[in-house]
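Work through the exercises below with the sequence and the model side by side. Try each task before reading its solution.

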Amino acid sequence: MFVEHLPDDRGQAHTLEAFTAALLLVTGLIFATQATAVTPLSASTSNQHVENQAGIAAQDLLSTTDASGDLEAALLYYDNGSFVGAANGEGYAGMPPESHPLHDPLTEAFGDRQIAFDIDVYYPEDGGNETGDVSMVDMGSPTDNAATASVRVALYGDDRFGADDQHVLSTDGPGRGYFADPADGDGEVLYTVVEVRITAWQM
């Protein structure tokens with residue numbers, strides 16, 4: 001009996017199938033690599049450098065303005081429920097006006113470097129059992145790479161506040177809507193201690 005053997009082409013089919021699968025895999029990897037967006041906010045060594053620089057600039061600004069008295073003056077630049085010259089609510093939505101004690105230091109530290117920042121002030125309430133806060137500058141929501149720096153500032157009962165320093169903190173503070181009440185007692189000597197916190201990030 002004669003049995004005819006036909007050529008077996010399954011080997012060629014398997015080879016072609018394997019080649020096609022490998023080609024699809026490589027194409028997928030290339031597409032995924034090209035589709036990954038690299039933005040200024042993507043994690044990288046340079047972003048860590050920018051974050052470190054923003055943190056150092058914020059801490060230097062707080063240290064120098066605390067020593068010069070400009071930071072305390074900025075905390076006292078407040079009248080009738082808002083910081084003087086603020087157009088929106090209690091604080092500023094961007095760089096404070098030129099009359100603000102921190103305008104020049106903030107411009108020098110952040111203004112020309114495309115760095116956004118928030119400045120928040122925290123103070124004791126209810127005899128120190130709670131903490132209140134007020135926003136001096138609110139430029140938006142910080143990114144994950146934001147840096148923070150803070151310093152504590154003591155305010156005394158004879159400190160004067162308002163656009164023209166026309167009010168005395170211990171006697172006029174609560175009546176003129178100053179953001180913090182005396183931390184304890186009447187506040188004639190030490191009115192309160194606040195924490196000023198700067199959060200800075202690359203725009």
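The exercises go from the overall fold to single residues.

The model is predicted: local features need pLDDT of at least 70, side-chain atom pairs count only at pLDDT 80 or more, and totals for chains, interfaces and linings use all residues. Residues are numbered from 1 along each chain as its sequence is written, and side-chain values use heavy atoms, with hydrogens and water left out.

**Exercise 1.** List the secondary structure elements in order from the N terminus.

Solution. Take helices (H or I, at least four residues) and strands (E, at least two) as DSSP runs, numbered from the N terminus. The protein has 5 helices and 8 strands. Their order is α-α-α-β-β-α-β-β-β-β-β-α-β.

**Exercise 2.** Sort the side chains of strand β5 by the face they point to.

Solution. Step one: β5 covers residues 147–156. Step two: apply the classes, where buried is under 20% relative accessible area, exposed is over 50% and partly exposed lies in between (1.4 Å probe, protein chains only). Step three: Ala147, Ala149, Val151, Val153 and Leu155 share one face and are buried.

**Exercise 3.** Describe how β5 pairs with β8.

Solution. Strands pair if DSSP finds at least two bridges between them. β5 and β8 (residues 190–202) are antiparallel and joined by 10 bridges. Within β8, threonine 199 is the bridge partner of threonine 148.

**Exercise 4.** Which residues touch the most other members of the largest nonpolar core?

Solution. A nonpolar core is a set of buried Ala, Val, Leu, Ile, Met, Phe, Trp, Tyr and Cys residues joined through side-chain atoms within 4.5 Å. The largest has 42 residues, and Leu75, Phe110, Met136, Tyr178, Phe179, Val194 and Val196 touch the most other members. Elements giving two or more residues to this core include α2 (45–68), β5 and β8. Next, take valine 196 and skip its neighbours within four places in sequence: its contacts (heavy atoms within 4.5 Å) include Leu62, Leu75, Ala149, Val151 and Val153.

**Exercise 5.** Find which side chains meet in a salt bridge.

Solution. The criterion is a side-chain nitrogen of Lys or Arg within 4 Å of a carboxyl oxygen of Asp or Glu. Arginine 197 and glutamate 195 meet in a salt bridge at 3.3 Å, N to O. Side chains of opposite charge can pair when their charged atoms come close. Arginine 197 is partly exposed, at 30% relative accessibility.
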